[in-house]
Amino acid sequence: MHRIPTRGRRLLASTAVGAAGVLALTACGGGSGFDEGSGDDAGASGEGGSLSILIGSSGDAETDAVQAAVAAWSEESGVDATVQVASDLTQELSQGFASGDPADVFYVSADQFQTYAANGSLYPYGDSLDNADDFYPSLVEQFTYDGELVCAPKDFSTLGLIIDTAAWEAAGLTDDDVPTTWDELTDVSARLTTDGRVGLGFSGEYARVGAFLAQAGGTLVSADGTEATADSPENVEGLTYVQQLLASGSAAYASDLGTGWGGEAFGTGAAAMTIEGNWITGAMTNDYPDAAYRVVELPAGPAGQGTLQFTNCWGVAADSDNQSDAVDLVQYLTATEQQLAFSEAFGVMPSVQSAADGWKELYPEMTAFIDSADFAQNVVNARGAADVITDFNSQLLTLKTGDPAAILGSVQTNLQAVLDENAS
């Protein structure tokens, strides 16, 4: 399996260090870190200082692009800066926070953000950026804590429907048949199903199935983040539809097709369609170069269109002695022109709205991904929710013969316990 497609899944997985990592994080000072020492001039090192940058890279293209951008900023600013690629980003961040000597700037995943923000590991600088109003509002929401934009969204991905064009044509389907509703998705999935191939194959996990919950109008957490809403009628409707797809035989989980993820099921021809993010383009190019496909927006459910989005931010350490330089670097890295350079280098979607048209020019065949930002839903990022999602994923594997309401009821109980603990 190519490394890139694991990205969306990695945002939701339980961390390698587990509870030990969280305990280590809590050792780095009391409070939220949002009061003392958070002025605009905090930690200014001035010309001649140095910065360390820690990233979790999808591959050489991303590493080279970040190193080149940081080197260009370093030459312009006169500040030495070094980029290090983590082998286990969460673990290495935990160790740095616990020791009081973290990297100055680093990637922060959405599922770890609230943990780091709550225990004071992050310096809240986001609202001070010149381009703070240019970030997609939903990305700002993902990285806001106690009313402040803590860190700048780095880039993002959404889910779309990937269609095998050869299979599509062989089934006698045309552009008019591109599914825009659940009923139409059911129909084309059936028409694309043949001996040895299902019409739709996707990973059996919240990070994919959750899109159907969004299309039904459901969320897992209330807008204010205090109440679990997993067992809502909307979510039951969304999960029931997925169950019906699986039971029909025209859709299947990737694991039931003998593959590791939706992109593999699609690339090997085990599925004529899949649900994946824009990272799939790298996998197709590298692992399945002969695959011909198109990308369209996911169809609408009873509540309209819905998809999930995945993102990271540029964290700045609360313990950094070089916060002023660190924020200046982030300002440089999130500028429209630089984000488009990253897009050209390794395909990511820019986190600023001003770069959307430029991204579409670079990837005209992938516009469905960035257009889906208008109806994208953030994944759950509540502190401590990763284990709940892991359990949810396990239960989803039994969905075909299971009880959607019972599954969601279990998620409701477990998630509310986490939210209540966070509030206490």
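Are Phe342 and Phe346 buried or exposed? I opened the predicted model with that question. Phe342 is buried, and Phe346 is buried too.

**Entry: aromatic pairs**

I listed the aromatic pairs and found 15 in the structure. I took Tyr107 and Trp314 first. Their ring centres are 5.1 Å apart and their planes stand at 80 degrees, so I logged the pair as edge-to-face. The cut-off for that class is over 60 degrees. I then looked up where the two residues sit. Tyr107 belongs to strand β3 (residues 105–109) and Trp314 to strand β11 (residues 307–316), so the pair ties together parts 207 residues apart in sequence.

I checked accessibility for both. Tyr107 has 3% relative accessibility and counts as buried. Trp314 has a relative accessible area of 1% and is buried. Buried means under 20% here.

I went back to Phe342 and Phe346. They form a tilted aromatic pair, with 5.9 Å from centre to centre and 50 degrees between the planes. Both lie in helix α14 (residues 336–346); because they are four residues apart there, about one helical turn separates them.

I also noted one aromatic cluster, formed by Trp182, Phe202, Phe212, Tyr241 and Tyr253.

**Entry: a charge over a ring**

Which charged end sits over the ring of Tyr107? I found that of Lys154, 4.3 Å from the ring centre. I therefore have two notes on the ring of Tyr107: the edge-to-face pair with Trp314 and the charged end of Lys154.

**Entry: cavities**

The structure holds two cavities of 30 Å³ or more.

What lines the second largest cavity? I read off Leu185, Ala211, Phe212, Gln215, Ile275, Leu298 and Pro299. Phe212, in this lining, is also a member of the aromatic cluster. Helix α9 (residues 206–215) gives the most to the lining, with three residues. I sorted the lining by class: six residues are nonpolar, one is polar and none is charged.

**Entry: Ala385**

Where is Ala385 found? I placed Ala385 in the loop between β13 (376–378) and α17 (386–396). Its relative accessible area is 3%, so I marked Ala385 as buried.

I asked which residues Ala385 touches, not counting those up to four places away in sequence. They are Val380, Leu415 and Val418. I also checked Gln112, 273 residues from Ala385 along the chain. The C-alpha atoms of Ala385 and Gln112 are separated by 9.6 Å.

Conventions. Residues are numbered from 1 along each chain as its sequence is written. This is a predicted model: local features need pLDDT of at least 70, side-chain atom pairs count only at pLDDT 80 or more; totals for chains, interfaces and linings use all residues. Side-chain values use heavy atoms; hydrogens and water are left out. On a 1 Å grid over the protein atoms alone, a cavity is a set of points where a 1.4 Å probe fits but cannot get out, and a pocket is an open set with protein on both sides within 12 Å along at least five of seven lines; lining residues have an atom within 4 Å of a point. Grid points are joined across faces, edges and corners, and a volume is the space filled by probe spheres set on the points. Helices (H or I, at least four residues) and strands (E, at least two) are DSSP runs, numbered from the N terminus. Ala, Val, Leu, Ile, Met, Phe, Trp, Tyr, Cys and Pro count as nonpolar, Asp, Glu, Lys and Arg as charged, and the others, Gly among them, as polar. Buried means under 20% relative accessible area, exposed over 50%, partly exposed in between (1.4 Å probe, protein chains only). Contact means heavy atoms within 4.5 Å. Rings of Phe, Tyr and Trp (its six-membered ring) pair if their centres lie within 6.5 Å; planes under 30 degrees apart count as stacked, over 60 as edge-to-face and the rest as tilted. A charge sits over a ring if NZ of Lys or CZ of Arg is within 6 Å of the ring centre and within 35 degrees of the ring normal.
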